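This report looks at a few residues of one protein chain. Please have the sequence and the model in view while reading.

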Amino acid sequence: MDRSWISNPDRISAEYVAGVNQFLQIARETLDATGCTLCPCKNCINRVKRHIGEIRRHLLHQGFLSTYTVWVEHGEVDHSEEPTHEACANKMEEAFHDATRDHYFDIGSTSDMLSPEQPADSERYDNLFEQLKTPLYDGCNDTISALTFVVKLMHLKVLNKWTDRSFDMLIKLLQEVLPPGNRCPDSYYSTRKMLCDVGLGYEQIDVCKYDCSLFYGEYSTDQDCHVCGTSRYIRKNIPHKRLRYFSITPRLKRLYSSKSTATLMRWHKKGRVVEPGVL
């Protein structure tokens with residue numbers, strides 16, 4: 001089906017208006033209980049649900065999202081994609097994104113889990129994809145994989161303010177209840193280790209009492225600040241200040257490795273309607 005009208009800059013042309021009407025006819029099949037569906041205009045970019053009339057006004061005034069040529073958010077199936085390794089990686093990332101986007105949790109410092117030789121991205125994705133497609137135990141519901149189970153557990157830990165010790169006790173109980181050979185982690189540490197491979201977690205770095213410097217890199221083993229000479233610790237192994245470093249690189253890699261989130265990351269450049277004097 002020809003959809004070249006989507007990139008037509010003349011939004012009052014017969015071709016563009018006919019294309020919008022064609023889209024709205026398909027979109028009506030995906031209305032929710034409130035009579036709304038996702039709006040694919042250049043501002044909403046399929047992130048906001050609106051009524052059909054409002055979607056029509058947005059498409060005529062703001063334009064249709066130029067990259068949205070297969071209307072998968074409105075019931076269409078994309079037959080152009082082959083089941084390649086890249087496609088599997090995209091599905092893996094999207095599944096993990098769905099599992100974590102509404103779940104805030106803190107897996108603590110991963111400084112003790114970081115090694116000089118980190119696995120390559122391809123190896124890391126292979127491992128994570130294996131965890132996402134592997135059920136928690138044989139015969140388990142297909143929607144509950146080892147990784148999604150761990151994410152939900154960590155979410156509950158934060159919501160209910162469980163201590164690390166109580167989490168370990170729960171894990172031990174689950175190991176007794178679940179069938180033999182299950183893939184549930186056997187400790188809080190192994191749970192954090194699994195999520196660390198996803199690119200979550202942070203590194204703890206001690207800071208000078210007066211913010212002169214970080215005890216990092218060549219200064220990581222120093223006992224006193226190399227600038228002002230103040231002691232690093234209040235008392236043994238307890239620093240005056242500690243910084244939490246959330247590395248942005250793995251998080252950006254994870255966002256750009258998923259086709260859907262990568263599109264959103266590029267929206268400001270590719271999909272935004274440029275208005276003079278507006279950033």
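H58 is buried, with a relative accessible area of 14%. Buried means under 20% relative accessible area, exposed means over 50%, and partly exposed lies in between (1.4 Å probe, protein chains only). H58 belongs to helix α2, residues 52-62. Helices (H or I, at least four residues) and strands (E, at least two) are DSSP runs, numbered from the N terminus. Leaving aside residues up to four places away in sequence, H58 touches C39, C41, C44, R50 and G63; contact means heavy atoms within 4.5 Å.

The model is predicted: local features need pLDDT of at least 70, side-chain atom pairs count only at pLDDT 80 or more, and totals for chains, interfaces and linings use all residues. Residues are numbered from 1 along each chain as its sequence is written, and side-chain values use heavy atoms, with hydrogens and water left out.

Most residues other than glycine have a negative phi.

| Residue | Phi | Loop between | Relative accessibility |
|---|---|---|---|
| K161 | about 55° | α5 (146-159) and α6 (164-177) | 74% |
| N237 | about 60° | β5 (233-235) and β6 (238-239) | 52% |

K161 counts as exposed because its relative accessibility is 74%. N237, at 52%, counts as exposed too.

Where is L243 found? L243 is in strand β7, residues 241-245. L243 is partly exposed, with a relative accessible area of 31%.
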